[in-house]
Amino acid sequence: MDFGDILHTIFNFEDYGELLALVQNSIWAGAVLGLLGGLVGTFVMKRDLAFAVHGISELSFAGAAFALLVGADIIFGSLAGSVAAALLLGLMGVRARDKNSIIGVIMPFGLGLGILFLALYQGRAANKFGLLTGQIVSVDTVQLQMLAGTAVVVMIALAILWRPLNFASVDPEMAEARGVPVRGLAIAFMVLLGISVALSIQIVGALLVLALLITPAAAALRVTTSPRLVVLLSVLFATASTVGGILLALGSRIPISPYVTTLSFLIYVVCRIIGNVRTKRGINGRTGIPLQAAGRPAEDRAVAG
Amino acid sequence: MTPVVSLRGAGLQFGQRALWKDLDVDLRAGEFLAVLGPNGSGKSSFLKVLLGLQRLHSGTATVGGRPVERGSRKIGYIPQQKSFAADTPLRARDLVALGVDGHRWGLRLNSRIVNERVDGLLDLVGARDYAKVPVGQLSGGEQQRLRVAQALATEPELLLCDEPLLSLDLNHQQAVSALINRQCRERNSAVVFVTHEINPVIEYVDRVLYLAGGRFRVGTPEEVMTTEVLSDLYNSHVEVIRANGRIVVVGLPDATTHYHDDAHSGVEEGH
């Protein structure tokens with residue numbers, strides 16, 4: 001296979017119009033997941049949960065693999081796995097360091113279980129591969145409805161929790177002093193995150209969930225700190241990655257995930273460059289004359305007495 | 001008139017160790033109370049009790065005539081300065097806005113009203129110039145001004161300050177404590193100011209609550225900050241010297257008391 005063949009395999013736009021009609025459901029599913037991933041992702045970044053997303057997705061994979069093995073509904077299996085993982089993390093890992101070690105412990109365990117279940121599974125190999133790398137082309141109307149319905153429920157819940165969750169995420173000590181139920185919100189968010197991970201796995205697979213739940217929000221944070229703009233850009237980036245990925249993948253026989261992850265990676269790189277240029281130029285929204293540099297935190301302490 | 005804060009026979013202990021007990025304190029509107037004492041004497045826990053985050057072991061505590069409750073709108077809280085990560089998605093005005101409506105459920109639908117309120121608070125503390133700067137890029141002093149604005153968002157009857165001047169340079173210490181004092185005098189808020197260093201606020205303090213060795217003393221600075229009283233509290237000879245309106249305490253048994261060598265003292269207490 002020479003380079004031209006490879007390129008042709010990756011980008012193949014023959015009979016594009018007909019194919020497009022066939023995958024309408026998939027495009028809608030991609031858009032829904034982009035919207036959801038972009039929204040949830042902003043809180044994942046604020047709460048520093050990137051590693052947790054990875055851990056949850058491995059257990060979600062194990063759940064889906066188990067469902068595949070016993071002939072149960074795969075979506076249900078992956079939901080059960082990820083919500084269980086999310087609850088475990090929410091209940092046990094209060095401190096960041098705790099949390100990371102717990103994730104580090106359950107992640108390989110979940111992945112191992114998943115591989116065990118897949119090894120025992122006798123069915124089609126494509127089913128197995130799809131759990132890890134995603135399979136959007138086969139979304140039927142029932143699945144789409146289920147996906148969209150669940151996503152809407154998660155988004156409504158997120159909207160209700162929005163302000164206190166934001167408060168508890170960016171300024172936890174103060175939020176607690178203000179009577180915000182910081183711990184309850186942490187657990188509630190983990191459940192929402194678990195559901196979102198399980199849904200995203202249907203599209204990009206367990207290994208690449210980060211591309212949907214982290215990269216878009218991380219990219220948005222490189223270019224703005226306005227809370228509203230962060231959310232807007234994050235959703236935009238995530239949707240552009242999923243829908244764009246599906247459109248690019250359409251004619252080829254390659255799974256969707258490399259297209260989605262590459263798009264979202266490129267968006268991140270561009271945002272990072274923009275962010276760095278701005279930092280270098282010292283653009284940070286300050287007006288008037290900045291106060292003297294003497295006020296930098298923690299360095300200048302008043303002398304006692 | 002009902003006192004803003006009232007503690008009766010209040011006691012707090014962790015395990016076998018009593019931080020303080022039989023504490024009776026009343027605080028009137030417009031009164032400035034400094035809470036002093038060595039590390040681990042329960043200064044921060046005193047604030048936690050008033051915030052409703054820490055239950056008393058004995059006795060009662062009321063704020064505004066009612067038992068303490070979590071998340072009271074009557075209370076504004078100013079924490080120690082801590083640095084934010086540089087990429088925290090929060091600008092100065094967003095930090096202040098958290099104090100206005102951060103605790104409410106749902107999305108913010110009344111942006112215009114909140115924005116106006118935030119603008120007013122920013123003006124109050126002189127932070128308009130950096131309203132749109134990410135908090136991670138602000139100096140400690142600038143952040144603490146925002147903390148004052150954030151705490152004043154609910155027009156509190158009671159301001160609880162937990163070492164708000166720690167790690168600030170002298171200029172910012174003066175600016176921030178003047179802002180707090182202004183709220184006390186002009187808006188008649190009661191202030192509880194936890195600090196290990198009385199001098200930056202000496203001209204504002206009406207009364208001192210000194211906690212040490214499981215005991216306490218309440219009174220005006222002239223009554224409490226004396227060689228006799230502190231020597232008694234510490235059970236060892238302590239010399240209090242006054243010079244140019246400032247107070248210097250010499251010979252403290254616990255060397256950490258009046259020096260800034262432990263920036264996290266307030267956090268460690270009470271855990």
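Reply: In chain B of this predicted model, take the contacts between residues with a separation of 6 or more: 66% of them join residues 24 or more positions apart.

What is chain B built from? It has eight helices along with twelve strands. Now for its dimensions: along the principal axes, its C-alpha atoms fill a box of roughly 60 × 40 × 35 Å. The radius of gyration of chain B is 19 Å, and that agrees with a compact globule, because one with 271 residues would come out near 18 Å. As for the inside, 49% of the 271 residues of chain B count as buried.

Next, the meeting with chain A. Chain B puts 44 residues into the contact, and chain A puts in 39. On the chain B side, helix H2 (92–101), helix H4 (140–152) and helix H5 (170–186) each bring at least two residues to the face touching chain A. Sort that face by class and you get 16 nonpolar residues, 16 polar ones and twelve charged ones.

And the partner itself? An unreviewed UniProt entry annotates several stretches of chain A as "transmembrane region", including residues 66–89 and 101–121. In the model, residues 66–89 of chain A are 88% helix and 0% strand, with the end C-alpha atoms 21 Å apart. Residues 101–121 of chain A are 95% helix and 0% strand, and there the end C-alpha atoms lie 31 Å apart.

Note on methods:
Residues are numbered from 1 along each chain as its sequence is written. Chains are lettered from A and ligands numbered from 1 in the order in which they are written. This is a predicted model: local features need pLDDT of at least 70, side-chain atom pairs count only at pLDDT 80 or more; totals for chains, interfaces and linings use all residues. UniProt positions are given in the numbering used here, feature names are shortened, and annotations may be inferred rather than shown by experiment. Helices (H or I, at least four residues) and strands (E, at least two) are DSSP runs, numbered from the N terminus. The radius of gyration is taken over C-alpha atoms; the globule rule is 2.2 Å times the number of residues to the power 0.38. A residue is buried if 20 or more other C-beta atoms lie within 10 Å of its own, exposed if 12 or fewer, and partly exposed in between; C-beta atoms are placed from the backbone. Two residues are in contact if their C-beta atoms, placed from the backbone, lie within 7 Å. Ala, Val, Leu, Ile, Met, Phe, Trp, Tyr, Cys and Pro count as nonpolar, Asp, Glu, Lys and Arg as charged, and the others, Gly among them, as polar.
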